[in-house]
Amino acid sequence: MTQTSIEITEPGAPEVLQATSRPVPEPAATQVLIKVAAAGINRPDVFQRMGFYPPPPGVTDIPGLEVSGTVAAVGEAVTAWAIGDQVCALLAGGGYAEYAVAEESLCLPAPDNLPLEHAAALPETCFTVWHNLFERAELKAGEWLLVHGGASGIGTTAIQMASAMGVNVIATAGNDEKCAVCEDLGATKAINYNQQDFVAACQEITGSGVNVVLDMVGGDYVQKNFAACAPRARIVNIAFLRGSKTEVDLMPLMLKQLVLTGSTLRAQPLENKARIAAGVKDQVWPLIASGQFKPIIHSSFPLAEASKGHALMETNQHIGKIILEN
Ligand SMILES: NC(=O)c1ccc[n+]([C@@H]2O[C@H](COP(=O)([O-])OP(=O)(O)OC[C@H]3O[C@@H](n4cnc5c(N)ncnc54)[C@H](OP(=O)(O)O)[C@@H]3O)[C@@H](O)[C@H]2O)c1
């Protein structure tokens, strides 16, 4: 049986994303086959399309790190899911398609109070934010969190999740409209970095600096993050939109006893991702059920128009997530 998938015909601009016919994948023993309702677009998909973020060995070249949909078949060792269940799932690739396979341990029940399509916007950001803020940086209620890229898919997730867990949030974004959304989502203050110095603002708002930074920007932000931090703060880098190479004075790291760390989700072993999935189900899914957190959907395109979704993401005009619907 064949299906429509979106392939990257060659590294390049959004137009290299083209519809193609591929076989429907077969679920392995521990996998489920999902009839995809929607797939989330993530910035790493843009990097993959450009040729900078190849899929790990053994993973399909079809992009797409998350989907929602209905279980259409199960592998012989699957115990948690049955045909007909509505799920969303973290994938290592293959989401831009009519059907995708997912490990059963990386599927979560599609929340009852969301359209099934919107659940596609949850896995990549929820797993990333939960792991980096709460497992890696050990963020706690009452602390101050600085989120860069506050209006991004990751940022809108981090603001809501942290606020719901009793954390005080400061966000940065590139214009006033984005800042207003960050504050609506729960940030105590959002800083337009084109108009205001976020270091001075963080020090003024908190008195002694922030306790955790979630940074996707890197470049000159690395030094500024040190300055925005309180003693013993933790800084987590999940991307480097301004570059991964920069000259830094490490003195504040030592004097303030800072921790600088980072991680990438896709390359982690399955058992790590399964542990993260369990944490997300336990700690984040109740926030969705109670209405304290929901994915912010900026726009939706038909699967065949994936290139339009990528082009929009590259304008940086979107707030929240962009999804592709079947
Ligand atoms: N490590 C991991 O496991 C992991 C997992 C998922 C995503 N990520 C990374 O997390 C980031 C966000 O992902 P996403 O899917 O949420 O992307 P997204 O929605 O496209 O957001 C990217 C944001 O970055 C900001 N930005 C872009 N260029 C910038 C610059 N030069 N300086 C400051 N801000 C800039 C933009 O906001 P403004 O207009 O406000 O500047 C935009 O909102 C991406 O870099 C992605 O690669 C990492």
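I looked up Lys 178 and found one of its polar side-chain atoms 2.6 Å from an oxygen atom of the ligand; I count a pair of N or O atoms within 3.5 Å as a polar contact. This is a predicted model, where local features need pLDDT of at least 70, side-chain atom pairs count only at pLDDT 80 or more, and totals for chains, interfaces and linings use all residues. Residues are numbered from 1 along each chain as its sequence is written, and side-chain values use heavy atoms, without hydrogens or water.

I checked two other side chains. A polar side-chain atom of Arg 43 lies 2.8 Å from a ligand oxygen, and one of Tyr 193 lies 2.4 Å from a ligand oxygen. Taken alone the ligand exposes 910 Å², and the protein buries 91% of that (Shrake-Rupley areas with a 1.4 Å probe).

Next I looked at the shell. I noted 25 residues around the ligand, each with a heavy atom within 4 Å of it. The closest include Gly 174 and His 318. The shell divides into 12 nonpolar, 9 polar and 4 charged residues; Asp, Glu, Lys and Arg count as charged, Ala, Val, Leu, Ile, Met, Phe, Trp, Tyr, Cys and Pro as nonpolar, and the others as polar.

Last, I looked up the domains. Domain 1 (2–122 + 295–325) and domain 2 (126–262) each give at least three residues to the shell; the bounds come from an automatic or database assignment.

Methods:
Polar contact = N/O pair within 3.5 Å; in protein donor to acceptor, adjacent residues only side chain to side chain.
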